[in-house]
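Hi there,

Here is the structure I said I would pass on.

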Amino acid sequence: MSESEKVAASPMKATVSRRSAIGMMAGGAAAGVVGARIGQSSSTSGNYEDIIDARGFTGNWAEGALKSFVPPGEFDPYFIFASGGHSGQMFVLGCPSMRLLKAIPVFTREAWQGYGFGSDQSESVLREGFDPSKSEPLGWGDTHHPALSETEGDYDGRWLYINDRANGRIAMIDLADFKTKQIIDLPNLGTSHGGCFVTPNSEYVHISSMTPSPYLAPGGYAPLSDYAKYYRGASCWMAIDQETGRIDMDRSFQIELPPYTQDLADAGKLSSFGFGFINSYNTEMAIGGDLEDPKKALESTAIANDFDFLHVIDWQKAEQVVADGKTEDMNGIRMIRLDVAVAEGVLHFVPEPRNPHGVDVNPTGDYMVVSGKLDPHASVFSIEKIKAAIAAEDYDGTDDFGVPILKMESCLEALVELGNGPLHTQFDGDGNAYTSLFVDSAVAKWTLGPKAGVGEGKTWTKVDHLPVNYNIGHLCSAEGDTVNPDGKYLIALNKWSIDRFPPVGTLHPQNFQLIDLDGDKMSVLADMPIGFGEPHYTQMIKADKLVHTLRVYEPGTDPLTMSKSRFATDPGDARIDVNGTNVDVFATVMRSHFTPDVVEVNLGDTVRFHLTNIETTPDATHGFAIPGYNVESSIDPGEVVSIEVKATRPGAFAMYCSEFCSALHLEMQGWFLVKP
Ligand code: K7E
Ligand code: CUA
C-alpha cells in the first residue's frame, strides 16, 4: 500500500496525509496535467502546503480534490448518464469532475428545451408515448435504469434507453443530439423495473413488468381474488432499428410470466450470450389487504418463502418460437404464452435467496450475481452450470404455472458474505466486483472466480469495505456493464445525504459519491449533491465514444426524423401562407431577428409556426415564446421546429426569443396579433 493510499484509508492521520498530498503534487501528479496547469498560471504562489493549511484540508481531501479536478476548459474523460427517478428526466454529468452538463427531459415537460410546450416534435413524442385509453395525458414518469446501446458488448455511443418504472413505458434518446425521440407505452405492462438492458449488439432492449397486470382477464380487469388466474407479468424484447435506434414494435415480442413481482434484470454476454436474467420476489403472490387483517400487509406476506426465482430466458430460442408463429396477439404485441415458453424451453427458474434486488452479469458473462436484500451474501450462479442443468433436466419440480425449477445447488457457484442489505453489483476489468450494502451504508469489494481471471486462493473473497454517506442504492463503475469495464471510478448513488450538505429545506438532496478504484483500497474523492431528482441508476461511458454527437444540425433538420424538414425555410424565403382559417408562418430565425416579426391572424385561426434557425454557429440557439399562449421552444442552429397555436384569445402578444443570444437579444421580439 502506498503512502497516499494509507492516508486515504485513515482520515485521522492529517499530518502524514498532508505531506503525502504535497508529495503527490511534487511527484507523480505534478508531471501530469494538474501540475502543468498549476505551472501555467502566472499567479500561483506554488505554496501548496499553505493553501492546504489555510483551507483546513486533511491530506486525503487534498488528494481527492486533485484526483477529481478537471481544469477549466478541459473535458472529463467520462460521461455519466443518470436517471432522474420521478422527476421523469435524465442527467448528464462529467466524471471525475462530477459537473452537471445537461438535463434531458424524457417523460416530463421541460421549458428550457421547449420539451412539451408546443413544438410538434416533442409534443408528438410525449403524445404518442402514452396509451390514449389512459384517462389523462401522462405528465410524468419514473426513470430508473438507463441502458446505453452496445456493439459486441461495448458501449458504442449511439443511443440510450430508459424505462418508466411508474407507467410501464420505455424511451429512446438519440446521442446525436441528446434528445428524446421515442416513447412507447408497452401493452400488458402496468409498471416496469426489469430493464432497460440491451443485448450485446443492441438487437433488443429488454424491459419487464414489475407488479403483474390482469391482462388475461376479459376487459382487462379482475379482482385480486383472481390474481393467480388472470394477473401476469411480461418480459418484453423490443427490437432496435439499427439505423435509427428506434424500437420496432412489429419485430418485438413479449413472453408471458407468472404473476410474481419481477424485479431487476440483466443481459447475458460472451459465455451467457443469448440469455436474459430477471429476479423476482413475491412468488407468494401476496396481495395485501391489511384493513381486513393487519397480518396481510404485503411487506410481511411477500417474504414468507425462503426462495424466489431467478428467471432464465433464452431469447434466441424465443426468437425462433416467434419466427415459427407460435405467438398470440396480446393487445397489439406478439406474445409467447407461458405454456409455449415452457414447452419450447424458453423459460427456466433457479431458486434464489428470498426477495433479491439486483442480478448482475460479470464482464465475461460467466457469473450472475444475485443480491438478496434480506441475506448478507451475494449468491453467484454459473452459466455453465445453468446450461448443464437445463440440458440434463436437473429439475426440482415446477412452480404452480408449470415452469421447470432447476436445482439451486446445481447452478450455484459461490456464496460470498458481504454485509447487510446487498443490492447491486458492478465490476472492474480485473475480476473484482463491487456490491452496494444498503443497510450498512457501504460498498463491499470482492473477488470473483477463475472464469473472471482471479487466481487460486483469492477467489470469492471480500477484500475491502468502504463506508459511504448514506443508504447506497445502485453503484456504477466506468464502463461497468460492458465486456471490458475500466474500473477506475465508482459512483455511489446514495439515497440519503442527511448532514452532508447545508440545510436547503426539508427535502434533502441525494448524494453521488465519487470513489477512487485505483489501488487496493477504495476511497471517497468527492460528493455531488443531486438536488433535482432521485437517480436510481447510471451508466458511465468513455467520453471519446460519443463520436456521433453533433455540435450543430445540418441546415433545415427536423430533429425527430434527423432529416431535412419539409418546412425548412431558406434565408429570403420567409412568408405567411393564409388558407381560410389556416395560417402557415414560414419563419427564419437568426441573431437578432425573427422574419417575419409581425404575425396578424383572426380569432379562431389555426396558426402553424415553422421556425428555421438558419445559424451555423455552434451554440447560437434561439428561443421562441408566446406569452399567454403557453408556447416555449428552443431552436438550435440548423433546427426546424413546428408549433401549432390555436388563436383562442384575442390580443397583442409580444412573442420573443427566450434565449439570451446576442447583444441585441432583447430586440429579438415581435408581435402575435389575434384580432377579435
Ligand atoms: Cu434499480 Cu432504485 Cu429501480 Cu435498486 S432500483 S436502488
Ligand atoms: Cu435569439 Cu435571443
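**The largest pocket**

The volume of the largest pocket comes to about 1,500 Å³. Please keep in mind that this is a predicted model.

The lining of that pocket is made up of 45 residues, and Lys102, Asp177, Phe178, Thr549 and Leu550 are the ones nearest its centre. Strands E1 (78-83), E2 (89-95), E3 (100-105), E7 (179-185) and E41 (631-635), along with helix H7 (120-128), each give two or more residues to the lining. E3 supplies the largest share, with 4 residues. Sorted by class, the lining holds 21 nonpolar, 12 polar and 12 charged residues.

**Around ligand 1**

Which residues sit around ligand 1? They are His144, His145, His193, Leu264, His357, His424, Gly473, His474, Lys495 and His536. In terms of class, this shell has 8 polar residues, 1 nonpolar and 1 charged.

**A look at Asn511**

Asn511 belongs to strand E30, which covers residues 510-516. Is Asn511 buried or exposed? Its relative accessibility is 0%, so Asn511 counts as buried; the cut-off for buried is under 20%. The Asn511 side chain also reaches the backbone oxygen of Asn469, at 3.2 Å.

Best wishes

Methods:
Residues numbered from 1 in each chain as written. Chains lettered and ligands numbered in written order. Predicted model: local features only at pLDDT ≥ 70, side-chain atom pairs only at ≥ 80, totals over all residues. Heavy atoms only, no water. Near = heavy atom within 4 Å. Nonpolar A, V, L, I, M, F, W, Y, C, P; charged D, E, K, R; others polar. Buried < 20%, exposed > 50% of the residue type's maximum accessible area, 1.4 Å probe, protein only. Polar contact = N/O pair within 3.5 Å; in protein donor to acceptor, adjacent residues only side chain to side chain. 1 Å grid on protein atoms, 1.4 Å probe; cavity = no way out; pocket = protein on both sides within 12 Å on 5 of 7 lines; lining within 4 Å. Points joined across faces, edges and corners; volume = space filled by probe spheres on them.
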